[in-house]
Amino acid sequence: MPQTITKTKTTFRKIEPYLYLAPATILIILVFVYPIIENIHTSFLQNTASGIKTLGLTNYTLVSQDPIFWQSLSNNGKLLFSVPIMTVISLFIAIVLFEHVRGWMFYRFIIFMPYILAIPVVGQTFVYLLGLNGIINTLLRDVGLNLLTQDWLGSAKWVIPSISVVIIYREMGFGVVLFLARLMSLEKEILEAAAIDGANFWQKHFYVTLPQMSGVIEFFVVVELITMLSWVFAYVFTMTGGGPGFASTVMEFYIWKHAFAFRSPGIASALAVVLLLVTTVLIVLQLRLRRRSLEDIA
Amino acid sequence: MKASLRVITILVILSMTLVACGTTSQPATTAANAKVNLTFWWWAESDAPGADAWMAETVAAYEKIHPNVSINIVPQSTETLISAFQSAVTAKSGPDIASQWATGPVLGFVWQNALVPISDYVPASETANWLNTNENMYNGKLWAAPMYLIGIDVMYNKTMFATAGVTPPVSGRWTWDEFMAACAKLKAAGINPWVEGDKDGYGGAWWFANLGIQSLDSTDDLRQAIIGAKSFTDPHYTGWYQTLDDMVKKGYFNQDSMSMDLSQGAQAFAQGKGAMSFGTDGMVKQALTDLGAANVGVMQTPKLGTGKLADAGNATQSTAFFVTKWSKNPQAAADFLVFMHTPDRLAAWYKHTGVIAADKRFDRTLVIDPVLKQMMTWETTGPQIWLENYLPGQVDSDADLTAGQMIFSQSGSPSDVAAMWERAASTWRNQHPDELTNWKNWQQ
Amino acid sequence: MKTNPSRSRLWSLLAAIPKQVILLFFSLVAIYPIYYMIVTAFKTRPDWLHDQFGLPNPFTFQNITDALNKGNIPLWFGNSLIVTIASLIVSTIVSSLAAYALARFHFAGRAFYFNSMIALMVIPPAVLILPLFVLMVNIGLVNTLPSVIIIYSGLLIPFSVYLLVSFFRSLPPELFDAAAIDGCSNLDTFWRITLPLSTPAMVTLIVVNALFVWNELFIALVFLQGETVMTLMPGLTLFKGHFTINEPLIMAGTLIATMPMILLYLFGQRLFVEGLVAGAVK
């Protein structure tokens, strides 16, 4: 009798952690693993004239021949340029806040607020702000800069930069909060020593602060790069519907159109697989960065 | 040990209850000769403001006469009208009655076996009264019912015309040269000749249906290009974009066309921001209210092309209503659609929306205003074709809508636009060989 | 080495001025669109057409009233509430169990599982929607709230697990050793020691997750297409479509939609900040 009890206890001990993991694992498989595998599978199912689907590479060929696919990819690529800009702005604000400015908590409160607003809310507001007779253009006209007024969201040339501005507006708060938190955990003595040695604002931070923040800066950049590729649907849907023409169509938007408006699941899946592959490089990078910062738990 | 197992079991049960809740919360289907529940996915308010109110009234009236029938109206959004119904088709479940834009979109779903022909449930003596039924005929059957007719004409501001010394056309229609001369005069007088919104792309689509159509000889003519027998780069199909481009370059359009939706553009006309615009009956009615009945006139689209369709009217039922394949009560559903066409309901429709009903029994004397009367005459005389209905949805979205946007935002030349049309069509042909087969076999 | 105290005081005061100006500038930029939204929501349309900049004149509640009466905003608000609360409950329970296992047990596959969580945190939703949609159609859950609850719960797990593992590992091991000596089973330890100690981390996690679910558009748009099951964000699109030409009314709608998060932020700003930072690289 005692032997059996010990055996059951040991077996249970062995599987116990897996029991704790089970519910999460079920949901993960349902929400992540299954769709990704299914997407890959559907991407190889091609349409035929009779309506019966067969296996093959046609979807990928069609995608590679589709100029709008290339334009979507390039639109996502153009959005990537906003990442260095938002990084620099966030760093700058964070450092200024860090320098014992009076009322810094108030400023942080205000600057972080856009990040908690939903994208449709921010997007809709900016649609009005950026209209041809919206605030921005009215301001420009008032100071005599009529030449600079544009139909910001309605011009193929300016729509992506305009969307970038809205994205930076929102993401900036996240960057500031992130960098500030890191700054506050830095060793203050080094900075003070540099100050006493006569370094001015720029020298001090460029040579001392920034190198110590390389980890969190890297992390922010990678996360934002991923965001520009995979999490901007709401901006496009709310502000431009992909237009004018296809000037603001991004990969997620194009996938959505094919999946739901055009009844082309094969094409949509192929596009999704391409997006996943493009993002994978960045995902792996992100993984390495997070792991490096944690204690080794392997 | 037992505690852990208990917890796990509870969690599994919890998640299963969630799933069970979801499946049991679907609407109960009907029991024999007891309650009949119909779900109607309804779209018309955007075309005809007041439609939702009319429908609420109609449902109440119908439920009074048929106490065992309960009708649930679910208003649809324009952006997801097609995709929402496509989801229902994939699910093989959803509404009993649904709305889709006529011809192309409706037939697309007919080919997916999602509809039952309305002619199977409504006698020919009744459907003979319905107007524009040609828009939803296929294989000798009628697949959907119309409710209203919308025509689109050019509305103009009489005061602005007078200021610039422009005389409206005598016969109801300008030649293109006369139209261009008028624009030049208006511009010289400091008046914006044409105001329009194209942010959502429909503005450009209206130019396709009103101007692009004029070089074609038949809808089958268009079909040849769609199935690839001819090319969209042929000036026969897309040459007219050059004319549109010229107008934009000459400054005949408002500057902020890309900042405004279609409805905002029509509103801008009603606020006196331009001398002319395209308008549906509803938009014209609004302009008559805002600018004054004596101040607004209508004319047909100026004549540019010489194809057989250049003289065709452009009225369409816009939205068509049909019974779905999976409905458990197709006859009851069809009966409600017939009820919508009873004379009292037709008159009420006009009173609520100002849009004429697509029925021979509609009392034309209800239309009092001479301007709206004129539109009605044009919409019910002679052949009526709304060309946008004769495009596959993907081509409409990727070429028709975007072409206009490219011209208005000046981000593409007319030849770029023509090439884009052909590319969109060939992409559609490559991606949907099964739909292509249907289009090839469709005799129009 | 010591500089003149009053000079350095003056200098730091002077140096502070450009900093204040810079921060003021960015704060104005950050707050302006919010100000615009609030102010427009309380204007009449003619007033707005006439003056987009200034304060409402006359000040009107009509838009707010209309937004609550016309359209379905209260219904969507309720749906958002249900979906958010349900997803949070499921994901928190499920994630804390999983995180406990990852933090306190040693077993084969532990590192792989944990690394997978990190990778899954940033998978593009666009990759998941179509197969999930077909799945929901097949099990009959499409256009119902449980469909998005299940999906959001799943989506929240990687980040939640990651955050909780970091936190659990920071708890002093002596506590657990003591508990083991006292004869507590693992589950007991979980309930009686780990969870109570984790309240601050849990609260932070819940706040950050609530923000994600409440603000989410893409998935809600795809899975909730019937007007009565929509949540606030896709509902706003519908609302905008119905009332395009009444800009103040639309701003009133967006204001109502975002109010809960703004209020949560006003009262619990610290939680948002901590939560987002905790999820990042240290």
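This is a predicted model: local features need pLDDT of at least 70, side-chain atom pairs count only at pLDDT 80 or more; totals for chains, interfaces and linings use all residues.

Reader: OK, how many residues of chain B are in contact with chain A?

Author: 32 residues of chain B, against 32 residues of chain A. Contact means that C-beta atoms, placed from the backbone, lie within 7 Å.

Reader: And which element gives the largest share on the chain B side?

Author: That's α17(B), with six residues. Elements giving two or more residues there include α1 (2–24) and α18 (414–431) of chain B. Helices (H or I, at least four residues) and strands (E, at least two) are DSSP runs, numbered from the N terminus.

Reader: What's that side like by class?

Author: It has eight nonpolar, 19 polar and five charged residues. Ala, Val, Leu, Ile, Met, Phe, Trp, Tyr, Cys and Pro count as nonpolar, Asp, Glu, Lys and Arg as charged, and the others, Gly among them, as polar.

Reader: How many residues does the contact take from chain C and chain A?

Author: 71 from chain C and 77 from chain A. Helix α1 (residues 5–41) of chain C gives the most to the chain C side, 13 residues. That side divides into 54 nonpolar, 13 polar and four charged.

Reader: Switching topic: what's the strand order in the open sheet of chain B?

Author: Four strands, β8-β10-β7-β9, with mixed pairing; strands pair if DSSP finds at least two bridges between them. The edges are β8 (173–175) and β9 (276–280) of chain B.

Reader: In which sense do β8(B) and β10 pair?

Author: Parallel, over two bridges. Arg173(B) stands opposite Gln300(B) in β10(B).

Reader: Which helix packs on the sheet?

Author: Helix α16 (residues 370–380) of chain B, touching β7 (152–157) and β10; its direction makes about 30° with that of β10(B). Axes are lines fitted to C-alpha atoms, for helices over the stretch in contact, and angles run from 0 to 180 degrees between N-to-C directions.

Reader: Last one: is helix α12 of chain B mostly covered or uncovered?

Author: Covered: eight of its nine residues are buried, meaning 20 or more other C-beta atoms lie within 10 Å of a residue's own C-beta, placed from the backbone. Phe269(B) is one of the buried residues, and the cover includes β7, β9 and α13 (281–291) of chain B.

Key:
Residues are numbered from 1 along each chain as its sequence is written. Chains are lettered from A and ligands numbered from 1 in the order in which they are written. Two residues are in contact if their C-beta atoms, placed from the backbone, lie within 7 Å. A residue is buried if 20 or more other C-beta atoms lie within 10 Å of its own, exposed if 12 or fewer, and partly exposed in between; C-beta atoms are placed from the backbone.
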